[in-house]
Amino acid sequence: MAIEFRTGIGWDVHRLASGRPLILGGVTVPFDLGLDGHSDADVLSHAITDAILGAAVLGDIGLHFSDSDPQWAGTDSLQFLAYARNLAEAEGYAIVNVDSTVILERPKLKDYRLAIRQNLARTLGVEPDRVSVKFKTAEKIGPVGEGRSAEAQAVVTLRRER
Ligand code: C5P
Ligand code: MG
């Protein structure tokens with residue numbers, strides 16, 4: 001039997017807006033602005049969801065969850081992540097590891113790293129030592145650096161026996 005490895009990449013961006021919660025990896029971070037979007041706008045969960053779907057060649061998040069479908073309004077995006085995990089597992093894949101970066105000028109996120117990793121790991125059915133979450137500012141340049149948006153990037157490796 002051969003072991004097959006697959007890698008996928010994910011990226012997402014959401015605007016920062018007042019009157020919205022700042023949710024990253026299912027963790028609500030206290031801040032005066034939050035991420036705007038149809039669901040809970042959890043930019044990190046969206047990037048990781050796309051990375052899983054990409055590794056398994058299962059399309060992208062919008063293919064499975066239309067952003068004009070009212071049933072997904074305000075949805076907890078960990079649900080999208082769990083769905084992508086289940087789809088990948090149905091194809092015989094297991095998650096080897098996740099690496100990710102959130103690019104956000106403010107607030108500082110490092111105190112939330114462990115809680116975010118634990119949330120993501122629980123949702124993905126892996127140990128937290130397989131889920132990396134990094135944070136960067138954009139050095140005050142561009143829409144992220146000016147505090148108008150947040151971005152996230154993710155890479156996921158899957159494995160299966162064939
Ligand atoms: O963007 P910069 O390289 O200056 O970030 C330095 C460190 O600050 C990062 O490695 C990360 O640990 C932390 N950071 C953070 N929250 C952010 C941006 C950066 O905790 N929003
Ligand atoms: Mg998104």
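With which residue does Arg6 form a salt bridge, and how far apart are the closest N and O atoms? In this predicted model, local features need pLDDT of at least 70 and side-chain atom pairs count only at pLDDT 80 or more, while totals for chains, interfaces and linings use all residues. Residues are numbered from 1 along each chain as its sequence is written, ligands are numbered from 1 in the order in which they are written, and side-chain values use heavy atoms, with hydrogens and water left out.

The partner of Arg6 is Glu4, with the closest N and O atoms 2.9 Å apart. A salt bridge is taken as a side-chain nitrogen of Lys or Arg within 4 Å of a carboxyl oxygen of Asp or Glu. Glu4 is buried, at a relative accessible area of 16%, whereas Arg6 is partly exposed at 25% (buried, under 20% relative accessible area; exposed, over 50%; partly exposed, in between; 1.4 Å probe, protein chains only). Both residues belong to a network of salt bridges that also includes Arg160 and Arg162.

The count of salt bridges comes to eight. One of them joins Glu146 and Arg148, at 2.9 Å from N to O. Another is formed by Asp99 and Lys134, whose closest N and O atoms are 2.9 Å apart. This pair links distant parts of the chain, 35 residues apart: Asp99 lies in strand β5 (residues 94-103) and Lys134 in strand β6 (residues 131-136). Strands are DSSP runs (E, at least two residues), numbered from the N terminus. Asp99 is partly exposed, with a relative accessible area of 29%, and Lys134 is partly exposed at 33%.

The magnesium ion (ligand 2) is coordinated at 1.9 to 2.1 Å by Asp12 through OD, His14 through NE2 and His46 through ND1. Donors are N, O and S atoms within 2.8 Å of the metal (3.2 Å for Na, K and Ca); water is not among the atoms, so sites may look incomplete. Along the chain the donors follow the spacing D-x1-H-x31-H. Asp12 and His14 are both buried.

Ligand 1 is surrounded by residues including Leu104, Pro107, Arg113, Phe135 and Glu139, each with a heavy atom within 4 Å of the ligand. By class, this shell has four nonpolar, one polar and five charged residues. An oxygen atom of ligand 1 lies 2.7 Å from a backbone N or O atom of Thr137, and a nitrogen atom of the ligand is 2.9 Å from a polar backbone atom of Leu109. The protein buries 73% of the 460 Å² that ligand 1 exposes when taken alone (Shrake-Rupley method, 1.4 Å probe).

Conventions:
A polar contact is a pair of N or O atoms within 3.5 Å; within protein, one must be able to donate a hydrogen and the other to accept it, and residues adjacent in sequence count only if both atoms are side-chain atoms. Ala, Val, Leu, Ile, Met, Phe, Trp, Tyr, Cys and Pro count as nonpolar, Asp, Glu, Lys and Arg as charged, and the others, Gly among them, as polar. Helices (H or I, at least four residues) and strands (E, at least two) are DSSP runs, numbered from the N terminus.
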